[in-house]
Amino acid sequence: MLAVAFSAAGHAQDRGAPARQGLQAKLEYCKTCHGLSGQGYLGYFPMPRLAGQQPEYIEAQLRAFIERRRTNPIMFNVAHVLSPSMMTALAAHFRNLDPKPFGGAPRGSIATGQRIYEEGLPEANVPACSACHGMEGKGQNEIPRLAGQLYAYTVGQLTGWKKVRGQGSAVDTSAIMAPTAHNLTRSQVEAVAAYVSYLQ
């Protein structure tokens with residue numbers, strides 16, 4: 001009886017081993033662009049910070065890449081081979097990482113960025129970022145964490161929203177951002193991006 005129990009336990013462990021190995025292989029691939037600790041990458045094409053990101057948001061965006069509601073040929077190729085369980089495992093892994101933000105954003109407009117983030121711009125029909133993303137920028141559910149996000153990445157996303165995320169739909173919470181991104185000037189985008197990049 002004891003031998004049978006050990007045998008059953010061994011088989012259970014064997015079944016789990018390939019899954020763990022598969023996850024590790026995918027994480028190694030993710031690190032190529034998103035950094036060793038998911039902190040993002042400062043290069044010619046800035047790669048976003050995934051560390052501390054809301055799992056629901058990561059999974060939603062992976063599906064958006066697959067369904068071409070978000071334009072990125074590289075991420076389409078990465079995402080379309082992932083099983084739902086692998087997406088969940090990857091999202092959970094990144095949620096638990098917490099490296100220090102890169103920082104390095106221009107500091108001259110941080111006060112303006114904080115004001116927009118906390119109060120919005122009523123005259124331009126821009127709501128306070130904190131209303132959805134939280135005062136600390138941690139996000140919730142499918143609303144992403146902005147705290148510590150790379151400055152250049154945030155600027156690029158907000159200024160190019162229509163081009164990279166214009167394929168959004170009513171089921172994609174990212175669609176909420178379309179009018180806000182449109183109503184922000186370049187300098188206002190840069191100010192908000194600078195402010196959130198220093199949040200931890």
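**Entry 1: the end of H2**

I started where H2 ends: Arg68 follows this helix and has a positive phi, near 60 degrees. I noted that the residue is not a glycine. Arg68 sits in the loop between H2 and H3. Helices here are DSSP runs of H or I with at least four residues, strands are runs of E with at least two, and both are numbered from the N terminus. With a relative accessible area of 52%, Arg68 is exposed. My cut-offs for that are: buried under 20% relative accessible area, exposed over 50%, partly exposed in between, with a 1.4 Å probe and protein chains only.

A reminder to myself: this is a predicted model, where local features need pLDDT of at least 70 and side-chain atom pairs count only at pLDDT 80 or more, while totals for chains, interfaces and linings use all residues. Residues are numbered from 1 along each chain as its sequence is written, and side-chain values use heavy atoms, with hydrogens and water left out.

Where does Asn125 lie? I traced Asn125 to the loop between H5 and helix H6 (130-133). Its relative accessibility is 60%, so Asn125 counts as exposed.

**Entry 2: the whole chain**

I then stepped back to look at the chain, which has 10 helices and zero strands. Read along the sequence, the pattern is α-α-α-α-α-α-α-α-α-α. Of its 200 residues, 42% count as buried. I also looked up contacts (heavy atoms within 4.5 Å). Among those between residues at least 6 apart in sequence, 68% join residues at least 24 apart.

**Entry 3: H2 itself**

Back to H2, which covers residues 55-66. This helix of 12 residues reaches 17 Å from its first C-alpha to its last, close to the expected 16 Å. That expected span is 1.5 Å times one less than the number of residues.

How many of the 12 residues of H2 are buried? I found nine, and H2 is mostly covered. The buried residues include Tyr57, Ile58, Leu62 and Phe65, and Glu59 and Gln61 are also among them. Helix H3 (73-79), H4 and helix H8 (161-165) are included in what covers them.

H4 spans residues 84-95. Its 12 residues reach 17 Å between the first and last C-alpha, close to the 16 Å expected. In H4 I listed Met86, Met87, Leu90, Ala91 and Phe94 as buried. Why do they lie on the same side of H4? They cover an arc of only 135 degrees around the axis, which puts them there; the arc is that of the directions from the helix axis to the C-beta atoms. On the face turned away from the buried side of H4, I found the exposed residues Pro84 and Ser85.

Leu97 is in the loop between H4 and H5. Its relative accessible area of 21% makes Leu97 partly exposed. Leaving aside neighbours within four places in sequence, Leu97 is in contact with Ser37, Gly38, Ala51 and Gly52. I also looked up Gln53: its C-alpha is separated by 8.6 Å from that of Leu97, with the two 44 residues apart along the chain.

**Entry 4: Glu118 in H5**

Glu118 belongs to helix H5 (residues 110-119), and at 29% relative accessible area it is partly exposed. Which residues does Glu118 touch, not counting those up to four places away in sequence? My list is Ala128, Ser130, Met135 and Tyr195. The C-alpha atoms of Glu118 and Ser130 are separated by 5.4 Å, and the two residues are 12 apart along the chain.

**Entry 5: H7 and H10**

I ended with helix H7 (residues 151-159) and helix H10 (residues 186-197), whose axes come within 9 Å and cross at roughly 145 degrees. Axes are lines fitted to C-alpha atoms, for helices over the stretch in contact, with angles from 0 to 180 degrees between N-to-C directions. Residues of H7 that meet H10 include Tyr151, Val155 and Leu158; on the H10 side, Val189, Glu190 and Ala193 are among the partners.

The buried residues of H7 are Tyr153, Thr154, Val155, Gln157 and Leu158. What covers them includes H8, helix H9 (177-183) and H10.
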